[in-house]
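This report goes through one structure part by part. Please look at the sequence and the model first.

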Amino acid sequence: MNMHKIAYSFFIAFVASLATLVSVSALSSSERDAADDEGLDPITLDELAEHDGAESCWKAIHGRVYDITDYVPNHPTDPGVILEWCGREASEGWDNKRPGVPHSPRAEGMLDEYLIGRLVDEEGEPAAAESSAAADEARDDAGTAEVPLSPAEDERLHRALLNQPLDGRYRGVFGDGGEMQVNVQFDLRDGRLSNVGYRHLAYRGVDYRQLDEDEDLYPVMVQHLQLAEGLEGQPLTAIFALYEPERMAEDLDGYSGATLRGNKVHSAFRDALNRGVYSWP
Ligand code: HEM
């Protein structure tokens, strides 16, 4: 064998071992074999269920159990989002941080730090993820369209690139005839509305928020509060229902002379979205 051949053989061996290394490290939890986990402490669903809150939060994800108590305050959502899964088989939540959207490889890499055992049934056999079928279905439904569009793992960047509004607090106004009539404030989280309220409601110099219960226009103010309540917890697209306020507020016909209208509130929402996030609550 001449020197070239030897060098070539070494090169091929090197590339092959690199490929093996890459494929081994790329094994995600779903591809892992149960046999890989035999050395881990067995933990039953009953034991898991004892750690179901912020003081001690364990989760089973794809057959492995993690104690993520220390991580809960660092999770980039309201703590309630992940506390809800403590003490449970949580693969479905993990695989669908939003419907059909799994956590990123970066998040997957973080799990190892919190690994404490493997999930077993009463016989000590590996317990199947009860909801993995549902999660797989959600993933299949999402198809390949959910492949990240950017190498960055930053949710905010993705939303900005896709022209989706960022999570945050918004404020926006509707004004006419030189008068500010509606000023709304709301929060967006994962595309849903919360804390919807008015910072200002007025028409022709009358401040609706100062009206007493016995005043004629008071019911109009109540109707506007009903519009705000109706949007609470709804997806952002629900603001289009403001074009038909009679579906969201009672008795609107009785006040058809009302001077504050759903379309003005809608307009204030659109203004808020155009302005962008006001603050990060
Ligand atoms: C099983 C219950 C869980 C649910 C329902 C859940 C839900 C979510 C949601 C909704 C987001 C998106 C936040 C945003 O819009 O910015 C998110 C992001 C994230 N979560 Fe979770 N999470 C869970 C568990 C975990 C665990 C156990 C970890 C790590 C140990 C984790 C790490 C992360 C990270 C790093 C992100 C940033 C985005 C990403 O890398 O995918 N999560 N999670």
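## Aromatic pairs

There are four aromatic pairs in this structure, where rings of Phe, Tyr and Trp (its six-membered ring) pair if their centres lie within 6.5 Å, and planes under 30 degrees apart count as stacked, over 60 as edge-to-face and the rest as tilted. The model is predicted: local features need pLDDT of at least 70, side-chain atom pairs count only at pLDDT 80 or more, and totals for chains, interfaces and linings use all residues. Residues are numbered from 1 along each chain as its sequence is written, and side-chain values use heavy atoms, with hydrogens and water left out.

Two of the pairs are listed here.

| Pair | Centre to centre | Angle between planes | Type |
|---|---|---|---|
| Y71 and Y114 | 5.8 Å | 50° | tilted |
| F186 and F269 | 4.5 Å | 20° | stacked |

Y71 lies in the loop between strand 4 and helix 3, and Y114 in the loop between helix 5 and strand 6 (115-120), so this pair ties together parts that are 43 residues apart in sequence. Helices (H or I, at least four residues) and strands (E, at least two) are DSSP runs, numbered from the N terminus. Y71 is buried, with a relative accessible area of 15%, and Y114 is buried at 14%. Buried means under 20% relative accessible area, exposed over 50%, and partly exposed in between (1.4 Å probe, protein chains only).

F186 lies in strand 8 and F269 in helix 9, so their pair ties together parts that are 83 residues apart in sequence. Both F186 and F269 are buried. Ring pairs also link Y170 with F186 and F269 into a cluster.

## Strands 8 and 9

Strand 8 (residues 179-189) and strand 9 (residues 192-203) run antiparallel and are joined by seven bridges; two strands pair if DSSP finds at least two bridges between them. D187 stands opposite S194 in strand 9. The hairpin of these strands has two residues between them, and D190 takes a positive phi near 50° there.

## The iron site

Which residues coordinate the iron atom of the ligand? H75 (NE2) and H103 (NE2) do, at 2.0 Å; donors are N, O and S atoms within 2.8 Å of the metal (3.2 Å for Na, K and Ca), and water is not among the atoms, so sites may look incomplete. H75 lies in the loop between strand 4 (64-67) and helix 3 (79-83) and H103 in the loop between helix 4 (91-95) and helix 5 (105-111), so the two tie together parts that are 28 residues apart in sequence. H75 is buried, with a relative accessible area of 14%.
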